[in-house]
Amino acid sequence: MVAIFVYGFIAFTLYLSFSDSRVLPSYNLVGWKNYEFLFRIRAWDTAVTNLVIFGTLYIAICCALGLLLAILLDQKIRAEGFIRTVYLYPMALSFIVTGVAWKWFLDPGIGLEAVMRGWGWESFRFDWIKDSDMAIYTIVIAAVWQTSGFVMAMFLAGLRGIDGEILKAAQIDGASTFSLYRRIVIPQLRPAFMSAFVVLAHMAIKSYDLVVALTGGGPGNATEVPATFMYSYTFTRNQMGIGAASAVIMLMTIAAIIVPYLWSELREKK
């Protein structure tokens, strides 16, 4: 089943990317024509640029915020279980729900801007979702809100796995709290950092539902990403060959991240 419905369709998509398929699959091969045309499309350049911006900020902020929350929760605070559940709750929601909720929250007419002006702050303005230059950052905000709790759980598990005797020895030797985390704790979280990076990078590259629900790729195509570009060219513009080519590029990008990670994991186990 996996061989047919996963790897079989991956191979079929690869074949379509070298064909002149439009509305329906075609078996007339045209070589690298679709790939050459893909990299001449301005919308694809915009999608790749947006992915770089979104992916960089998404991974960096999630890792920083997740690590900070994990360190705070590792201090054996009260109601830790409840707080941990609150942070993890957004992961129980689909990206469609998250996108719709943040769309309402960020809409200048009914969201945060309208509420603040209703309270008397007439000069308050937060219309990023309508601004073509800032709209991509609203996707970052929504994605970080949903995923940072998951990253926190990964780091918290890593923190709980560190040998306490090492930390006690460092404290006896006079190490400050900052030095303790910088020289001992954070370096030992390398596996957690790598796992978080792979998961977040994978989610960023294939992000589709959050973008569609939050901005629909707009204003204009200001928040277009490769996944929405692929869907648009395959099912809306009836350019299946170009859509398949963009899908193959996305797959190659994900593989370039995951395969080295899996290879390093296998080598460590040996």
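Just after α8, Gly-174 takes a positive phi of about 95°.

The model is predicted, so local features need pLDDT of at least 70 and side-chain atom pairs count only at pLDDT 80 or more, whereas totals for chains, interfaces and linings use all residues. Residues are numbered from 1 along each chain as its sequence is written, and side-chain values use heavy atoms, with hydrogens and water left out.

The protein chain holds 13 helices and zero strands, where helices (H or I, at least four residues) and strands (E, at least two) are DSSP runs numbered from the N terminus. Its C-alpha trace spans about 70 × 65 × 30 Å along the principal axes. Of the 270 residues in the chain, 39% are buried, a word that stands for under 20% relative accessible area, with exposed meaning over 50% and partly exposed in between (1.4 Å probe, protein chains only). Among the contacts (heavy atoms within 4.5 Å) with a separation of 6 or more, 68% come from residues 24 or more positions apart.

The aromatic rings come next. Rings of Phe, Tyr and Trp (its six-membered ring) pair if their centres lie within 6.5 Å, and planes under 30 degrees apart count as stacked, over 60 as edge-to-face and the rest as tilted; by this rule there are 16 aromatic pairs. In one of them, the rings of Tyr-15 and Tyr-27 have centres 6.0 Å apart and planes at 45°, so the pair is tilted. Because Tyr-15 lies in helix α1 and Tyr-27 in the loop between α1 and α2 (33–38), this pair ties together parts that are 12 residues apart in sequence. Tyr-15 is partly exposed at a relative accessible area of 31%, whereas Tyr-27, at 58%, counts as exposed. The rings of Phe-18 and Trp-32, with centres 5.0 Å apart and planes at 85°, form an edge-to-face pair. Here Phe-18 is partly exposed, with a relative accessible area of 21%, and Trp-32 is exposed, with 57%. Elsewhere, ring pairs link Phe-39, Trp-44, Phe-229 and Tyr-233 into a cluster.

Where is the largest pocket lined, and by which residues? A pocket is an open set of points on a 1 Å grid over the protein atoms alone, where a 1.4 Å probe fits, with protein on both sides within 12 Å along at least five of seven lines, and lining residues have an atom within 4 Å of a point. The largest pocket is lined by 20 residues, of which Thr-13, Met-230, Ala-247, Val-248 and Met-250 lie nearest its centre, and α13 gives the most to this lining, with eight residues. The lining divides into 15 nonpolar, four polar and one charged residue.

The second largest pocket is lined by 15 residues, with Asp-74, Gln-75, Lys-76, Leu-167 and Tyr-181 nearest its centre. The elements that give two or more residues to this lining are α7 (135–160), α8 (164–172) and α9 (177–188).

Note on methods. Ala, Val, Leu, Ile, Met, Phe, Trp, Tyr, Cys and Pro count as nonpolar, Asp, Glu, Lys and Arg as charged, and the others, Gly among them, as polar.
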